[in-house]
Amino acid sequence: MSAVPITRRHFLKVTAAAGGGMLIGFYIPDAEAASVQPQPWTALPQGAEINAWLAIDKDGNVTIRVPHTEMGQGALTSVSMMIAEELHVDWTRVRAVFADANRHLRNNNEYKTMFTAGSALVRRQHPHIMQAGASARERLKEAAARAWGVDRKEIHARQGTLSFGNFSGTYAQFATAAAAITLPEEPAIKMPAEWWLLGKPLHRLDVDVKSNGSATYAIDAQMPGMVYAAVKACPVPWGRLKRFDDSAIKSRPGILATIALKAMPGKTDNSDLQDAVAVVGDSWWRAKTALDQLPIEWDTGAAASVSTESQRVEAQRLLDQAGVVVTEGEGTLAAIAAGEKVITAEYDRPWETHARMEPINATVNVTPERVDVWSPTQDQSVALQLAADQAGRHPKDVYVHTVFLGGGFGGNGGGGTAVTRQATELSKKLQRPVKAIWSREEDIAQDKQRPPNVTRLAAVLGERGLPSAWFTRSVWFTQDGIERVGPATADYAISNMPYQVPNRRHERINAKTHIPVTTHRAPGTNQHGFMTECFVDEVALAGGWDPLDWRLEMTKGLADWQLVLKTLKEKAGFRTDLPKGQGMGVAIVEDHGSICAACATVRVSRAGELVVAKVVIVIDSGHVINPHNAAEQLEGGVAWELTHAWLGGLELREGRFVNTNFDSYPLLRMSQMPAVEVHFALSGGRKWGGIGEPAGPPVPPAVANAIWFATGKRIRSTPFKSHDLSWS
Amino acid sequence: MNFALTVNGAIHDLAVEADTPLLWALREHLQLTGTKYGCGIAQCGACTIHLDGRPVRACVTPVSAAVGKQITTIEGLGTKDHPHPVQLAWTEVGVPQCGYCQSGQIMSAAALLAENPNPTDADIDAAMAGNLCRCGTYLRIRQGIKEAAILMANKSAPK
């Protein structure tokens, strides 16, 4: 490889790294180390540990232990920034490592939570994370104060140096003493006005390792003597295994065992075992090709008659009945019945899957001494409990090794899937390390899916063409009819829509399905945001209103909504008079505490080919700790929901999904990605909203509304690709 | 059967079936795990490597087809001290999110720039059409490719 040109900025970066100033690394315990260290964290050579969150070595380098999953949302960087802010250290001296789930368990949930979901890391957890940094800083000051015989309040802590008058010392000098200090009272965290580091657009700490192939994911785990398992559960979820005949595959090279995995009676949680067959081999390719050849008979039961069409019929039947009242506006039904001008519509969204780029997998080694687990999970502490339960071992003997997660999107929430139990069970049976990988086909078939939704909406037009009543009734398909997400989340975009309509009523109906369901990046809001915000355009246009002006009018007095809408109006140049074949559309949705608006610009050819040219995003998340990372998350959110709205949709037939891989479940590609412009309209104060999820929900309605302006066609279901968008 | 494979400049002798995809030979036999499994049917590009400098999907390329050819994986594209310009650009721009697809993205981008040092947006769309990113880093990937093109142009310019 030839030398890289040294431009000035590269020179700075390279010399900084060579001089040892940029110590960005990851301690990922390898199998060997893990198998000999009863408590891996105690062996870290990173100097004095001031608390569970950070240690300072003799050169002043700070190691920050991050309990959260890094799944692309920037957890390693965000947690490190929040602690470095309070500690007040040179950012180039900070390195991030993953915290240990076993330590968390043994020390009584020392990190409070390892759960990484709900756009909550900064939004909800900044108080205790920043407090850990503040506490360390004050204890360092106290150590120096005692050594110098002065009051702690007199000491300054800046950029790794403690000082008072002529006294000066490094954090490293006082780290050991600080570790032994208990403060009489823990300090409060800083207010945003005092920040010196937070709010700056910093690059992520994990960019280097993710650009040279060295970042390790669960699927990359290696152990001596490890064997590989390919797994197939009944393609109709919760179907029973009748029999299989492994005589045909037994003699194939490298095939070690064919093992039946059985569901436990009464255990139907998302992470519980379903009936499945595992073929174990000396390579996953050999195991997988053998499994493909294995004759298996399933008892699929009554669920085999379920299809997208049968669920459509079921939804229509249920929509004719009253549902559970979520939002009660007295007089709504009477107003609808008596209304002179009533607008009605029905919207639906289909099944969607997570399709994380890293297929579901787990590596587990069950030994008499301990259990080691690599699992792609959004909560290591739950993966630990699952492995302990399946292995029949005390949780304290289970070590979950946190590595990078190749996409989460809510699909690995709650500790993941049955794969952790599958790998644990296989390792227990075979008494050796087992890596179980679901093929992409298995991943799509057995994922815990995003549920479909069908909603009827009705509005009465009153004075000035504005709505005087607003009624919605919604059907959700959930496993066994059991609530999985919770109506507060799932129905939020309808039940809590901001528009000031005098009479509002929302009803919800849970329909039963055999398909396991779970959260899916902005759960519920994706579906209901689309429906509400497209219907808003229908109502606004019927009343003679410009859709953006309608939203401004209907949110009068709601300062945060007005801020976002006015910023959108100023930045996006929304207009309704573009030539046919071109259109702009707007939408605004609140999700995970943030209000996010989108303005989409589309072109539709006469033949109906859609181009989404541009999406302008405006968000009020209250505060932003890293605008660079936040912008990336918002761009990603646009791609996420544009994928489903334009190209997505799973189809059920005979109880199973017809879509099997990326040829039949296409994802957005480079050429389809719109230009994205991000603007922050921050209301500040006490508001802390999420960033990872809120940009998705307003995108599909903004695009559908733009399609209406371009073509005159009102889209009430997704994917857009299934609609004829041609015009003349 | 035994196959002699030249991977990142080193020769390895592998005893595998002739139809074993290179992906699994690299990941399981040579422990080169930077190349990722995503779909197994050449739809996602996470397994993109170079065969004699050309981008191929390792998940559908049998080892028998790679004998006598130069195989380059993400681990061999650059070195720690001398990263490939695409890798430098990726860190400069800050492209990756979850990162799982990025080895494949980088290999496709490097192959594009080797053939076309100054690609247009349409060239980039065409060359990167086979690489999916679920996190939606496409805009940063495009920016990274343009940044890498500048780095490479600076390198080849007369001093």
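Two residues are taken to be in contact if their C-beta atoms, placed from the backbone, lie within 7 Å. By that criterion, the contact between the chains takes 53 residues from chain B and 54 residues from chain A. The model is predicted: local features need pLDDT of at least 70, side-chain atom pairs count only at pLDDT 80 or more, and totals for chains, interfaces and linings use all residues. Residues are numbered from 1 along each chain as its sequence is written, while chains are lettered from A and ligands numbered from 1 in the order in which they are written.

**Stop 1: the side of chain B that touches chain A**

Select helix 1 (22–29), helix 2, helix 3 (85–93), helix 4 (102–115) and helix 6 (138–156) of chain B, the elements that give two or more residues to this side. Helices here are DSSP runs of H or I with at least four residues, strands are runs of E with at least two, and both are numbered from the N terminus. Helix 6 of chain B gives the most, with 7 residues. Colour this side by class to find 25 nonpolar, 21 polar and 7 charged residues. In this scheme Ala, Val, Leu, Ile, Met, Phe, Trp, Tyr, Cys and Pro count as nonpolar, Asp, Glu, Lys and Arg as charged, and the others, Gly among them, as polar.

**Stop 2: the two domains of chain B**

Next select residues 2–77 and 85–156 of chain B, which the domain assignment gives as domain 1 and domain 2; such bounds come from an automatic or database assignment. The C-alpha centres of the two domains of chain B lie 21 Å apart. Their contact takes 16 residues from domain 1 of chain B and 14 residues from domain 2 of chain B. On the domain 1 side, strand 3 (48–51), strand 4 (54–57) and helix 2 (74–77) of chain B each supply at least two residues. Strand 3 of chain B gives the most to that side, with 3 residues. By class, the domain 1 side has 7 nonpolar, 7 polar and 2 charged residues.

**Stop 3: a hairpin in chain B**

Select strand 1 (residues 2–7) of chain B together with strand 2 of chain B; 6 bridges join these antiparallel strands. Strands pair if DSSP finds at least two bridges between them. Leu5(B) stands opposite His12(B) in strand 2 of chain B. The hairpin has 2 residues between the strands, and Asn8(B) takes a positive phi near 50 degrees. How many buried residues are there in strand 2 (residues 10–15) of chain B? The count is 0 among its 6 residues, and the strand is hardly covered. A residue is buried if 20 or more other C-beta atoms lie within 10 Å of its own, exposed if 12 or fewer, and partly exposed in between, with C-beta atoms placed from the backbone.

**Stop 4: the nonpolar cores**

A nonpolar core is a set of buried Ala, Val, Leu, Ile, Met, Phe, Trp, Tyr and Cys residues joined through C-beta atoms within 7 Å. The largest core has 251 residues; Ala229(A), Val373(A), Ala598(A), Ala600(A), Ile617(A) and Val703(A) touch the most other members. Helix 5 (residues 121–148) of chain A gives the most to this core, with 11 residues. Centre the view on Val703(A), which touches Gly585(A), Ala600(A), Val602(A), Val612(A), Leu642(A) and Ala645(A), not counting residues up to four places away in sequence. Then move to a second, separate core of 6 residues, which includes Val475(A), Trp476(A), Phe477(A) and Ala490(A).

**Stop 5: a three-stranded sheet in chain A**

In chain A, 3 strands form an open antiparallel sheet in the order 5-6-7. Strand 5 (156–158) and strand 7 (167–170) of chain A stand at the edges with a single partner strand each, so one side of each is left without a neighbour in the sheet. Neighbouring strands of this sheet are turned by 20 degrees against each other on average, direction ignored. Strand 6 (residues 161–164) of chain A pairs with strand 7 of chain A over 4 bridges, and Thr161(A) stands opposite Thr170(A).

Axes are lines fitted to C-alpha atoms, for helices over the stretch in contact, and angles run from 0 to 180 degrees between N-to-C directions. Helix 6 (residues 171–179) of chain A lies across strand 6 and strand 7 of chain A, at about 80 degrees to strand 7 of chain A.
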